[in-house]
Amino acid sequence: NIYMDAVLERFAYHPEATLGKLTIGDHEFMVAERPWRNNQPYVSCVPTGEYICERYQSPKFGDTFQLMSVPDRTYILFHVGNYPEKDSHGCLLLGEKIMAGKPAVSSSRVAVNRFMKVLTDVQSFSLKIKDSFPYDWSE
């Protein structure tokens, strides 16, 4: 199967969210995660590092991908949602843009559909999560 490499560059650690840009090939997505809380299950973003993401059928979110081998954590998924503190229990929320003036992502359903379309024939992909400062907020 087609094997993809993805990079998530985090550019903001905010009290209400961790924000980043996910690049898969020539496709870009915005990502909102929970703030960094020492990798505690359900309340923290995942540590920076390299992970394998495998296709997963979620009872709640349907066909998606989950991050494997995150220390002490399970079922970390990519899914629809805007506000990390409200919509995520440690998962990665996908969006088309960062919401104006808010630590959140917008057009999430559009982004998740596009994400799954990009990965149509993919069963797993590698994901590198790294910190990337500073971010150009002028867009």
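Q: Buried means under 20% relative accessible area, exposed over 50%, and partly exposed in between (1.4 Å probe, protein chains only). By that scale, what does Trp 36 count as?

A: Trp 36 counts as partly exposed, because its relative accessibility is 39%. The model is a predicted one, in which local features need pLDDT of at least 70 and side-chain atom pairs count only at pLDDT 80 or more, while totals for chains, interfaces and linings use all residues. Residues are numbered from 1 along each chain as its sequence is written, and side-chain values use heavy atoms, with hydrogens and water left out.

Q: Where does Trp 36 lie?

A: Trp 36 lies in the loop between β3 and β4. Strands (E, at least two residues) and helices (H or I, at least four) are DSSP runs, numbered from the N terminus.

Q: Which residues form the nonpolar patch on the surface?

A: Trp 36 forms it with Tyr 13 and Phe 133, and together they have about 330 Å² of accessible area. Patch members have over 30% relative accessible area and no salt bridge; like charges are joined within 9 Å, and nonpolar side chains (Val, Leu, Ile, Met, Phe, Trp, Tyr) within 5 Å. The areas come from the Shrake-Rupley method with a 1.4 Å probe, and for residues only the protein chains shown count as cover.

Q: Changing topic, how many salt bridges does the structure hold?

A: The structure holds 7 salt bridges, each being a side-chain nitrogen of Lys or Arg within 4 Å of a carboxyl oxygen of Asp or Glu.

Q: What does Glu 85 form with Arg 34?

A: Glu 85 and Arg 34 form a salt bridge in which the closest N and O atoms are 3.1 Å apart. That pair links distant parts of the chain: Glu 85 belongs to helix α1 (residues 84-87) and Arg 34 to the loop between β3 and β4, 51 residues apart. Glu 85 is partly exposed at 33% relative accessibility, whereas Arg 34 is buried at 8% relative accessible area.

Q: How far apart are the closest N and O atoms of Glu 85 and Arg 37?

A: In that salt bridge they are 2.5 Å apart. Here too the pair links distant parts of the chain, with Arg 37 in the loop between β3 and β4, 48 residues from Glu 85 in helix α1. Arg 37 counts as partly exposed, because its relative accessibility is 25%.

Q: What does Asp 63 form with Arg 55?

A: Asp 63 forms a salt bridge with Arg 55, and their closest N and O atoms are 2.6 Å apart. Asp 63 is partly exposed at 33% relative accessibility, and Arg 55 is partly exposed with a relative accessible area of 22%.

Q: Which residues do salt bridges with shared partners join into one network?

A: Arg 34, Arg 37 and Glu 85 are joined into one network in that way.

Q: Now the strands. Why is β2 largely enclosed?

A: Strand β2 (residues 17-24) is largely enclosed by the rest of the structure because 6 of its 8 residues are buried.

Q: How do β1 and β2 run, parallel or antiparallel?

A: Strand β1 (residues 4-14) and β2 run antiparallel and are joined by 8 bridges; two strands pair if DSSP finds at least two bridges between them. Val 7 stands opposite Thr 23 in β2, and a hairpin joins β1 to β2 through 2 residues.

Q: And how many bridges join β2 to β3?

A: There are 7 bridges between β2 and β3, which run antiparallel. Ile 24 has His 27 in β3 as its bridge partner. These strands form a hairpin with 2 residues between them, and Gly 25 in the turn has a positive phi of about 60°.

Q: Last topic: which residues of helix α2 are buried?

A: In α2 (residues 108-118), Ser 108, Ala 111, Val 112, Phe 115, Met 116 and Val 118 are buried. Seen down the axis of α2, its buried residues fall within an arc of 160°, so they line one face of the helix. The arc is that of the directions from the helix axis to the C-beta atoms. On the other side of α2, Arg 109, Asn 113 and Lys 117 are exposed.
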